[in-house]
Amino acid sequence: MTSRPNSQDDDFRFEPVRGLPAVLPRGEKMLWQGSPSWKAVARRALSTRLVIGWSVFVIAMKLVEAAMGQASAAETASAITWMVVLAALALAIISVVIWAATRETIYTITSRRVVLRFGLVADLTINLPYSKIDRADLRLYRDGTGDLPLGLSGTHSLSYVHLWPNVRPWRWQRPEPMLRALPEAAKIGALLGDALRADLERREAAPIPVRIPTEQIETSPASAPAMPTVPGFGQALPAGE
């Protein structure tokens, strides 16, 4: 499991393969590649609905004040206008930032690993071999998108701040990288599950290399100990045995 910072100057122009820091090794193939839905990220990661809800609440309060005679019609209209302008400006800024961030975010699933490439200010490439992934969860939403958080084995140096927004919410002590706001998340989750199982079967079926210490290897036939005689192995057994 590695993370590789990229300089802003190259802007990923020198990627040998889009979304990957290097050409895949022989025998490894790409299964899927895509980016998050920027609208879904804006709704859930930066809570655009909260901005809209707060604006509606303030406007409603101003209307109540006007109805109770606590504010004139001109004052109410001015306050509502300013609130609408500020809310629209905040939503526009959030939308532009998220659109730019998701445009530079590429998730890649191969037969051996998951790779997350993302970032505007601090560009990162996170390489997650399947041997380091304990589990892959799936959360689906009504809009058809979904999240795929990845539970990692062992210790790691990944930071919640560096991973955001590609990280499972509220897991501060042990951050979990996450493929966020995926279109067709159920299909991608099934694909990742199959890839994880196939890789586990491949690793379990691989022969375990046996290393013999050199001091136990006899280099001269003369120094080899005599083979012990085992009754019943190449000779007749004594009577009664």
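Let's start with salt bridges: a search of the whole structure finds 11 of them. A salt bridge here is a side-chain nitrogen of Lys or Arg within 4 Å of a carboxyl oxygen of Asp or Glu. Side chains of opposite charge can pair when their charged atoms come close.

Before the details, a word on the source. This is a predicted model, where local features need pLDDT of at least 70, side-chain atom pairs count only at pLDDT 80 or more, and totals for chains, interfaces and linings use all residues. Residues are numbered from 1 along each chain as its sequence is written, and side-chain values use heavy atoms, with hydrogens and water left out.

Now, which residues pair up? Take Asp137. Arg135 forms a salt bridge with Asp137, with the closest N and O atoms 3.0 Å apart. Asp137 also bridges to Arg168, again with the closest N and O atoms 3.0 Å apart. Helices (H or I, at least four residues) and strands (E, at least two) are DSSP runs, numbered from the N terminus.

Next pair: Arg171 with Glu176, closest N and O atoms 3.1 Å apart. Bridges that share partners join Arg135, Asp137, Arg168, Arg171 and Glu176 into one network.

How is Glu176 placed, buried or exposed? Glu176 is buried, at 6% relative accessible area. Buried means under 20% relative accessible area, exposed over 50%, partly exposed in between (1.4 Å probe, protein chains only). Arg171 counts as partly exposed, because its relative accessibility is 32%. Partly exposed too are Arg135 at 33%, Asp137 at 23% and Arg168 at 21%.

On to the fold. The protein chain has five helices and nine strands. Along the sequence they run β-β-α-α-α-β-β-β-β-β-β-α-β-α. Of the 241 residues, 34% count as buried.

Now the inside. A nonpolar core is a set of buried Ala, Val, Leu, Ile, Met, Phe, Trp, Tyr and Cys residues joined through side-chain atoms within 4.5 Å. The largest one has 25 residues, and Val114, Leu128 and Leu179 touch the most other members. Elements giving two or more residues to this core include strand E4 (113-118), strand E5 (123-129), strand E9 (178-183) and H5. H5 gives the largest share, five residues. There is also a second, separate core of six residues, including Val41, Ala42, Ile94 and Ile98.

Last stop, helix H5. What should its 21 residues, 185-205, span? At 1.5 Å a residue, 30 Å, and the end C-alpha atoms are 30 Å apart, which agrees. The expected span is 1.5 Å times one less than the number of residues.

In H5, Ala185, Ile188, Gly189, Leu192, Gly193, Ala195, Leu196 and Asp199 are buried. They cover an arc of only 165° around the axis, so they lie on the same side of H5. That arc is taken from the directions from the helix axis to the C-beta atoms. On the other side, Lys187, Arg197, Glu201 and Ala205 are exposed. An α-helix has 3.6 residues a turn, so residues three or four places apart point the same way.
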